[in-house]
Amino acid sequence: RIVDTPDREIPYKPEARARQKELLKNYYEPVSQAHIDPQQLCLPLGAVRQLTWHDVHILQYPGYVVFVHEGGHSWRVIPLDGRPHVGESLKLWMGDSRGHWEGNTLVIDTTNNNSKGRLSRAGDFASDKVHLTERFEFLDGNNVRYGAKFDDASVYTRLWTFGFELKRDVFGSYGVDQNTYEHWEEACYEGMKDIDRHLRAEASDTTKKERE
C-alpha cells in the first residue's frame, strides 16, 4: 500500500527505524506500556489507519464532510470553508483536518497529530510534527482512489504516500443489499483488559513500581 518509494517501505530515519523494530518485536508480548498498540486499548487509530479498519460512512453537508467510522465510535468533521488550523499546542488523536474540493477529488489537510497512535500493527508511526495530505479521488459513484502523503522530516527521510481503493459495493458478494444495509458503530471492547494484564509477567513488578 506504500505507492511511491522504490522498495515499497516507509523511509524511516535510522533512529526511527530502530523504534519501529522495537515496537514490532514487543507487539505480541509487550514488556512496557509504551509497547502496547493503542488499538488493543480501544483508543482512536488516527485518520489514516482508521480507514483500514471496518467501514466508513462519508456524508456531505453544506460546508462540511463527515466521516462516521463503524469501528471504535470514531468520526471526523472536516470543514470546507477555508478556516485556519487550530493552534499548534492542541494535539488530537485524529488530528485537525481542513478540506476542499479539486474537481471530483476531496483534498484533506491534517495537522496537530498527538503521535499517540500508530499506523499499523508492525509498529509504524509518525510524530506530532507530521503533516498529512489525503486525497479521495471519486472515480465514479462506487469507487474512490485514496492516497495519504506523509510529510514528517523528524521521522522520515522523504515524503511518502500510502494508498488503496475504496468501494461502495463491497457487500454485493455477501448477499447484502446495500440499499437496506444498516451502518453500525462498534464500541470496541471498552474495559476489556487493564494495562497491567497486557504486559508479560516479568514486567509486572516494574510496572507496579512505575505506577507507585
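Colleague: Which residues do ring pairs link into a cluster?

Modeller: Tyr-12, Phe-125, Phe-150, Tyr-156 and Trp-160. Rings of Phe, Tyr and Trp (its six-membered ring) pair if their centres lie within 6.5 Å; planes under 30 degrees apart count as stacked, over 60 as edge-to-face and the rest as tilted. This is a predicted model, where local features need pLDDT of at least 70, side-chain atom pairs count only at pLDDT 80 or more, and totals for chains, interfaces and linings use all residues. Residues are numbered from 1 along each chain as its sequence is written, and side-chain values use heavy atoms, with hydrogens and water left out.

Colleague: How many aromatic pairs does that rule give?

Modeller: Ten. One of them is Tyr-27 with Tyr-28, which is edge-to-face because the planes are at 90 degrees, with the centres 4.9 Å apart.

Colleague: And is Tyr-27 buried or exposed?

Modeller: Buried, at 12% relative accessibility, while Tyr-28 is exposed at 73%. Buried means under 20% relative accessible area, exposed over 50%, partly exposed in between (1.4 Å probe, protein chains only).

Colleague: What about Trp-101 and Phe-138, how is that pair arranged?

Modeller: Tilted, 5.8 Å centre to centre with 45 degrees between the planes. Trp-101 is in strand β4 (residues 96-102) and Phe-138 in strand β6 (residues 131-138), so the pair ties together parts 37 residues apart in sequence. Strands here are DSSP runs (E, at least two residues), numbered from the N terminus.

Colleague: Switching topic: which ring does the charged end of Arg-19 sit over?

Modeller: Phe-125, 4.1 Å from the ring centre. That takes NZ of Lys or CZ of Arg within 6 Å of the ring centre and within 35 degrees of the ring normal.

Notes. Helices (H or I, at least four residues) and strands (E, at least two) are DSSP runs, numbered from the N terminus.
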